Amino acid sequence: MSKNTKKVVITLAVLAGFVLLCFLLSLGKVDNFNDKYAGQDLSTDVAGLERTGTYSGYIEEHSDVKDAVKTIDVDIFKFTSEGNVTVENNYEGAEKALFTDIESTASWEIDIPETGFYNIYIEYLIPKSRGVQAERGILIDDEYPYEIAKNITFSRIWTDGGEKKVDNQGNEIRPTQVEIYDWQSKLIEDDMGYVNEPLRFYFEEGKRKLTFISENEPMYIKKLSLNAIAKEKTYEDYLSSNPSVNASETAANYLNIVQGEDSTIRSESSLYAKFDRSNPTTQPNSVTYTVLNYSGGDTWRDNGQWIEWDFEVPEDGYYNIMIKARQNYSRGNVSNRRVYIDGEVPFDALNEVSFDYRNDWDCKDLADENGTPYKFYLTKGKHTIRLEATLGSLGPILEDLENSTFRLNQIYRKILVYTGANPDQYRDYKININYPEIMDAMKLESMRLFKIVDDMVAYSGQKADSIASAQTVAQQLERFCRKPQKITLEFTSFKDNVTALGTAQLNLSISRLDVDYIAISGTDVKPKKERANFFTKAWHEIKSFVASFFVDYNSVGDVYDDDGKDSQVIKVWVLTGRDQGTILKSMIDDSFTPNTGIPVNVEIVDQGALLSAVMAGRGPNVVLTVNSNIPVDFALRGASVDITQFEGWEEVLSHYKESSYEQFRLDGAIYGIPETQTFNVMFYRKDILDELGLTPPNTWQELIEMLPTIQGNNLSVGIPSAAGASNMQAATTAVMSNNPDLSMYFSLLYQNGGDMYNEAGTFTTVDDEAGIKAFDDYERYFNDYGLPSIYDFVSRFRSGEMPIGIISYQTYNTLMVSAPEIRGLWDFTLVPGTEYVLDDGSVYLDRSDFVAGTATMMIDCHDGKKEQSWEYMKWWADPDTQVRFGREIEALLGSSARYATSNRDAFSQLSWSYHDIQILNEQWDWTVGIREVPGGYYTGRHITNALRKVLNDKDDTRETIIDYSVKIDDEITRKRKEFGMWTEVKPIGEMEE
């Protein structure tokens, strides 16, 4: 045997041995940490490091209380109230109903015959309003029983607004979603799904007060009662309660396939029919056309979301149900659904039907643990089946994980106060001696986390990646308890691990599922369980490959040729993404083109392609979502169109605040319509400010006065910095160079009575006294008060390290999605203002706030289609269009993609709570926009340079801003000359004396 051959044989043998070892290890039992917490009381808390207001704590506090056995009907028309609460007669089929408006309070005095736990049952209808869920807070004797009761949501009902359509490319287009206004009923439940049964409320015997506080959306109430805690019905109970009948041949051999895409109603507009080309067994199927063939998907992910289908059976009798579904979203996780038949869960086993992770469709019988299908008694005629997302048995595990994350953040902040964010690695802080309670808390939390890992493994059958972070933190805490000196050495990684734990909790709570179809069959029928094999998959891929040469999968909706009868077609470019383009094109095809007769082609392009396309004469007629500087830049070169030449432009802009289109003005013309906008608000942690005895600052001076208290606890405040974007996930040199955030400086400039340019826009005024004062005030926050210039706000806010932060209001969406462990512990309000005493002695508070955004712009294509383009722009800027687009994009991509429309009338109809809209609208009233001027790109660049020079080199603020203002003026003058515009020399009075 040659030398090379031996090497190959040895290498192969080693690889084979390694593979065999991995295989044998995979067969072994998953690690079990029972010995680490066995016999320990994990329900106790360390004083000062506990979480209060939890539901589990409430139940434990009343552990000796029995469940009530009698239901109490509440006379809802004997009420006391605040705000708009009225009795309505003959409303939507109800003889009488109680109307509760937004910001109202309705209370009822109830005579409780026996002390015990009750469920609260309600029958309600949400009328036409903003299309979002209603929210109510529930108080007993004027107190919230637990945190969950502060925010109980009530879903709406959505359905298809017509039949599906087919575009001229042969692709199916889903119908628009419309709302149904009908009565619904529910037992009050935990919206997060951590409690997998109706919430229990403790009532003592005697006169008790029940109060509903309207937090969001109006609502009618038809019935309200305190229900006795019902005993769950078993499958055997269900069978015994239904008649014993012999199935007819018709019923026994009946088979009805209810397609998933044909659902009738749903809890949210995002749960519409979708299409799938990836699997050959999806029904119906096509590799060449878009065919709607399933429901669910990524948007069917949160507890409480439901989809309902109608079906019929030919005879009275017993039937089986099979669901063809797919959970290929999260390996190691389980998606659970609760099954309702005709509005009720027939028996307890259907409270939690689990779908394990699989790459292919899973044809799952509703069956017992032995695989024997359940028999459902159905009478002849129509019935409904509803699948509702639920966490099931996973809920209590996630509640423990959330509470653990909360306590770990408390531990982190306790240590932070003592050591600071960056402890000296060469100093022994003796935390175990100075803070023994922290060590006790770490030990206890480590055991809790090990138990959570074991519970999760027992639940899912494997150790998923998402729970690995809990094990990492548990082991790190265990290491800290053995060697306390490692706490400061690993302090940063400890914080990162706790953040990862919060993210894991979020990922585990997501319960996505696809439904291809539901089979309703007689007891003698066994529906075919379709699974794709190697050959069907291979043939499917071959067909898809061949089709890719002939089918344009990137075309969106109806596509028109720009010649002959379609010569009036206009071209619209979308610079965001395919999802946005698809929704936009669907809206155009079903509302704009039919009403105006103007055909539209939508193309999805990169923003960098716009300039070169326009220069080549191949640009669009209208372009959406361009940066705020583009309209004026293109106007200076004769490429964009002044909208003030068209009829109705004042009406279009009446839906916008003037600050939103200030950036699109030039010499009396306006070259764009605002599309999206952003401005700053102040976020704050309510719990931490309460601990420190502070309230959110109203003025900058109040913020400065509370800094010693905040910083004395080694906490900090975040304000936008020229050193880097404060919402970036990482701080790097590239971030510092490319993403300065000057919004805070601009706000201070206007709060001090300054402006960026003179009225004619021929030079900057940042070097006048107001500009110099704003510049000096701004740099002091970093140089004198030591605020951080680069930071990840979301991470620090979650941990509590940064209890106050001034940042874009769109951060709200990020926090709602990514930080479930601090829900209810934070809020936002107006940015601090600058206070002035007027001549009459009154106090004036200026809260000016810089606004930026994107625009819709018309390109001058010289093709005679300006009027058609203007008709499109008017339609796109209409409030109804903006509301529909905003709702559909949020429905598709989730709340983190909430549309930041500049249209004020549309903004108030999006999914913000009533309280949030009030704050945002008030801050919006204070927004100011900055005009674009020739050479204006130098302004932000040199103000950033000036700020960094002062921050890094500690140069004099007055001299620095004056020096850089000269450079700004020089560039403005040069560009004005280049474009043939008049120039002027800055008056001496405007310069340094």
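I began with a pair of side chains, E801 and K495, which meet in a salt bridge at 3.1 Å, N to O. The term here stands for a side-chain nitrogen of Lys or Arg within 4 Å of a carboxyl oxygen of Asp or Glu. This pair links distant parts of the chain, 306 residues apart: E801 is in the loop between α22 (793-799) and β36 (804-808), and K495 is in helix α11. I noted that helices (H or I, at least four residues) and strands (E, at least two) are DSSP runs, numbered from the N terminus.

Before going on, I wrote down that this is a predicted model, in which local features need pLDDT of at least 70 and side-chain atom pairs count only at pLDDT 80 or more, while totals for chains, interfaces and linings use all residues. Residues are numbered from 1 along each chain as its sequence is written, and side-chain values use heavy atoms, with hydrogens and water left out.

Are E801 and K495 buried or exposed? I found both E801 and K495 buried. Buried means under 20% relative accessible area, exposed means over 50%, and partly exposed lies in between (1.4 Å probe, protein chains only).

I looked up the total, and the count of salt bridges is 54.

The next one I looked up joins the side chains of R479 and E490 at 2.9 Å, N to O. R479 lies in helix α9 (residues 465-482) and E490 in the loop between α10 (486-489) and α11 (491-509), so the pair ties together parts 11 residues apart in sequence. R479 is partly exposed at a relative accessible area of 27%, whereas E490 is buried at 17%.

I then took E769 and R958, whose side chains meet in a salt bridge at 3.2 Å, N to O. This pair also links distant parts of the chain: E769 is in helix α21 (residues 769-783) and R958 in helix α29 (residues 957-978), 189 residues apart. E769 is exposed, with a relative accessible area of 53%, and R958 counts as partly exposed at 31%.

I also found a network: salt bridges that share partners join D45, R407, E445 and R448.

Why is strand β4 largely enclosed by the rest of the structure? Five of the seven residues of β4 (residues 94-100) are buried, so the strand is largely enclosed.

I checked which strands pair with β4, where pairing requires that DSSP finds at least two bridges between two strands. Strand β3 (residues 85-91) runs antiparallel to β4 and is joined to it by six bridges. N89 has K96 in β4 as its bridge partner. The hairpin of β3 and β4 has two residues between the strands, and E92 takes a positive phi near 45 degrees there.

β4 also pairs with strand β16 (residues 219-227), in the antiparallel sense, over three bridges. Here T100 stands opposite M219 in β16.

**A five-strand sheet**

In which order do the five strands of the open sheet come? I read the order as β2-β5-β15-β7-β8, with antiparallel pairing. β2 (80-82) and β8 (152-154) are the edge strands, each pairing on one side only. The twist averages 25 degrees from one strand to the next; axes are lines fitted to C-alpha atoms, for helices over the stretch in contact, and angles run from 0 to 180 degrees between N-to-C directions.

Within this sheet I looked at strand β5 (residues 105-112) and strand β15 (residues 206-216), which run antiparallel and are joined by eight bridges. D111 stands opposite K207 in β15.
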